[in-house]
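Dear colleague,

Please find below the structure that I am handing over to you. My findings follow directly after it.

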Amino acid sequence: MSTKEESRGTLSSTDFGVAASAFILNWNTICSSFPQWTWVLSHHQVEGYLSLENILLSSTQEEHGELSFPGPGKHSHQEDPIDVDDATLVHINPCKVHYYDLHIIYCNSYRVPVLYFRAYDNDGEPLECDEIEKDLPAYSKKALSDSKWTFITQEAMVQITSVWDQ
C-alpha cells in the first residue's frame, strides 16, 4: 500500500483482495468452530467480496451478546423435520430469532471496504432499523450515537424481472 493511500485512509482493490485473503486464512485458523467466510467472485469474475451468511441471533442470546450459526447444510428458514402430531404441537419457544447475512465489498468510488448486511426474521421479512439496533452490542450502539460517520441505512429491496421471465 502506498504512503499516499495510507494517509488518506484508502486502499486499492488489489490491497483489499490481499487483506481479504489474509482475513479468511486467519479466521479459518482462529475461529475454526464458526462458519467460514468465503470469497465470492463477482459477475465479471475479476473481483469479488467476502461473505458470511446465516448468522443466527435469538432474543435470549441478545442479552448475552452471543451469536450462533445453523449447522452445515441447514437452511436459515427451516428446521430439521421432526415427527410430531400437529394436533399436539405447542410452540413454547418465545425467543425472537433474527438472521444476518454479511458481505464486505470493495467500493471503487471511495476506495474503502464497505459492510453490507441483510437482517431478517424467521419468515424472511427484513428487520426494521430499530430492531437491528437492539441486536447490536453496547459499544456499537455507542459508536452509532457518537459519530456522524458511523451509521446504518436501510434500502428497499427491489425485485427485478427481465422480459424473459414474463
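Y100 is buried in this predicted model, because its relative accessible area is 9% and the limit for a buried residue is under 20%. The structure holds 8 aromatic pairs. In the pair of Y100 and F117, the ring centres are 6.2 Å apart and the planes stand at 50°, so the pair is tilted. This pair links distant parts of the chain, since Y100 belongs to strand β3 and F117 to strand β4, 17 residues apart. As a general point, the distance of the centres and the angle of the planes describe a pair of aromatic rings.

Two further findings concern aromatic residues. F23, W27, F34 and W37 form one aromatic cluster.

Overall arrangement

The protein has 5 helices and 4 strands. Read from the N terminus, its elements follow the order α-α-β-β-α-β-β-α-α. Of its 166 residues, 22% count as buried. Among contacts between residues at least 6 apart in sequence, 45% join residues at least 24 apart.

The sheet

The 4 strands form an open sheet in the order β1-β2-β3-β4, with antiparallel pairing. Its edge strands are β1 (38-41) and β4, each of which pairs on one side only. On average, neighbouring strands of this sheet are turned by 30° against each other, direction ignored. Strands of a sheet pair through backbone hydrogen bonds, in either the parallel or the antiparallel sense.

How many bridges join β1 to β2? There are 4 bridges between these two strands, which run antiparallel. L41 stands opposite G48, a residue of β2. Between β3 and β4 the pairing is antiparallel as well, over 10 bridges. There, Y106 has P113 in β4 as its bridge partner.

β3 and β4 form a hairpin with 4 residues between them. R111 lies in this loop, between β3 (97-107) and β4 (112-121). Although R111 is not a glycine, its phi is positive, at about 60°. R111 counts as partly exposed, because its relative accessibility is 28%, which falls between the limits of 20% and 50%.

A second residue with a positive phi is N54, where the value is near 65° and the residue is again other than glycine. N54 has its place in strand β2 (residues 48-58). With a relative accessible area of 22%, N54 is partly exposed.

The surroundings of H103

Which side chains make polar contacts with that of H103? One is S51, joined to H103 by a polar contact of 3.3 Å between the side chains. Another is E53, whose side chain is joined to that of H103 by a polar contact of 2.9 Å. H103 lies in strand β3 and counts as buried, because its relative accessibility is 17%. Leaving aside neighbours within four places in sequence, H103 is in contact with Y49, L50, S51, E53, V114, L115 and Y116.

The helix across the sheet

Helix α2 (residues 13-30) lies across β1, β2, β3 and β4, and runs at about 145° to β1. A20 is a residue of this helix. Is A20 buried or exposed? A20 counts as buried, because its relative accessibility is 3%. Apart from neighbours within four places in sequence, A20 is in contact with W39 and L50. L50 is also among the residues in contact with H103. A20 and I104 are 84 residues apart in sequence, while their C-alpha atoms are 9.0 Å apart in space.

To summarise, the predicted model contains an open sheet of 4 strands with antiparallel pairing, and helix α2 lies across β1, β2, β3 and β4. The hairpin of β3 and β4 includes R111 in its turn, with a positive phi of about 60°.

With kind regards

How values were computed: Residues numbered from 1 in each chain as written. Predicted model: local features only at pLDDT ≥ 70, side-chain atom pairs only at ≥ 80, totals over all residues. Heavy atoms only, no water. Buried < 20%, exposed > 50% of the residue type's maximum accessible area, 1.4 Å probe, protein only. Phe/Tyr/Trp six-rings, centres within 6.5 Å; stacked < 30°, edge-to-face > 60°. Pairing = 2+ DSSP bridges. Axes fitted to C-alpha atoms, helices over the stretch in contact; angles between N-to-C directions. Contact = heavy atoms within 4.5 Å. Polar contact = N/O pair within 3.5 Å; in protein donor to acceptor, adjacent residues only side chain to side chain.
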